[in-house]
Amino acid sequence: MSGRRFALALLACLVSVGCDNGKEPTFQGWVEAELIFVGPDESGRVETLTVREGDQVERGKLLFTVDPDLQLADVAMQEAAVKNAQQAYDRAQQLVKTQAGTQKALDDAEAALRTAQARLNSAQTRLARRKVFSPVTGSVQQIYYRGGELVPAGKPILALLPPGNLKVRFFVNEATLPKLKFGDPVSITCDGCDPGIIAKISFISRASEYTPPVIYSVEERSKLVFLIEARPERPEHLRVGQPVSVSLGPEQ
């Protein structure tokens, strides 16, 4: 074998392990998480934080509260506006009954009352959302802001990881790609892991991670690798960032 062909064969073997013993190849991969980032709708100071990193939380559990002072003031102002609009509507209605007012004035007063009520509902919703509850069942992976810290709008205070949001990512070469399809089982092994961890392929990339010259040759095609993702059936046995070995098919 020439030096160039040997180098290409070695490169192909770097994608998988066991290519020289006739066994099913084992691909090197890692565990990745799709985190749920939870934060307030508006900026504010963290008032209470009811969880710590590593805590298991159920959906609907209170996670944190943000100071509601501005929202409380807005609710009070909108309540006053609704009261004034209601009084104006009542007067306009009474004037129409005595034929001292016009229908247009009554319609305008009714529209102003509806607007004031809508603004009050919006203010009450903003106030209620200063208490943030867990949208999913999972574990607290990271806390970015603590009690007393000011959180900008749109910034998460913490990150949650539902068990089903763990996935195994690995690369396969072009020759292996036709053997894979969505839903196929793969076997996961790692240092210290329980045996028999099975994952099912949930994503197969349509784009390669290496762009060869325009003219494809057999040698160049061997350099192409494609990203594969698989969802483990028992994600509680895996850790984020953990290196794993992936074998095609269920473990025998």
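Biologist: What makes S8 and strand S10 (residues 158-161) a pair?

Modeller: Two strands pair if DSSP finds at least two bridges between them, and S8 and S10 have four, in the antiparallel sense, so they count as paired. In S10, Ala-159 is the bridge partner of Gln-142. By the way, this is a predicted model, where local features need pLDDT of at least 70, side-chain atom pairs count only at pLDDT 80 or more, and totals for chains, interfaces and linings use all residues. Residues are numbered from 1 along each chain as its sequence is written, and side-chain values use heavy atoms, leaving out hydrogens and water.

Biologist: How do you know that strand S5 (residues 56-57) goes with S8?

Modeller: Two bridges join S5 to S8, and they run antiparallel. Val-57 has Gly-138 in S8 as its bridge partner.

Biologist: Why do S7 and S9 stand at the edges of their sheet?

Modeller: That open sheet has four strands in the order S7-S6-S4-S9, with antiparallel pairing. Strand S7 (131-133) and strand S9 (150-151) each have a single partner strand, so one side of each has no neighbour in the sheet. For S9, the pairing with strand S4 (residues 44-49) is over two bridges, and Gly-44 stands opposite Val-151.

Biologist: Why is H2 called roughly antiparallel to H3?

Modeller: The axes of helix H2 (residues 69-97) and helix H3 (residues 103-128) cross at roughly 160 degrees and come within 8 Å. Angles over 145 degrees count as roughly antiparallel (under 35 is roughly parallel, 65 to 115 roughly perpendicular, the rest oblique), so H2 gets that name against H3. Their contact has 18 nonpolar, seven polar and five charged residues.

How values were computed
Axes are lines fitted to C-alpha atoms, for helices over the stretch in contact, and angles run from 0 to 180 degrees between N-to-C directions. Ala, Val, Leu, Ile, Met, Phe, Trp, Tyr, Cys and Pro count as nonpolar, Asp, Glu, Lys and Arg as charged, and the others, Gly among them, as polar.
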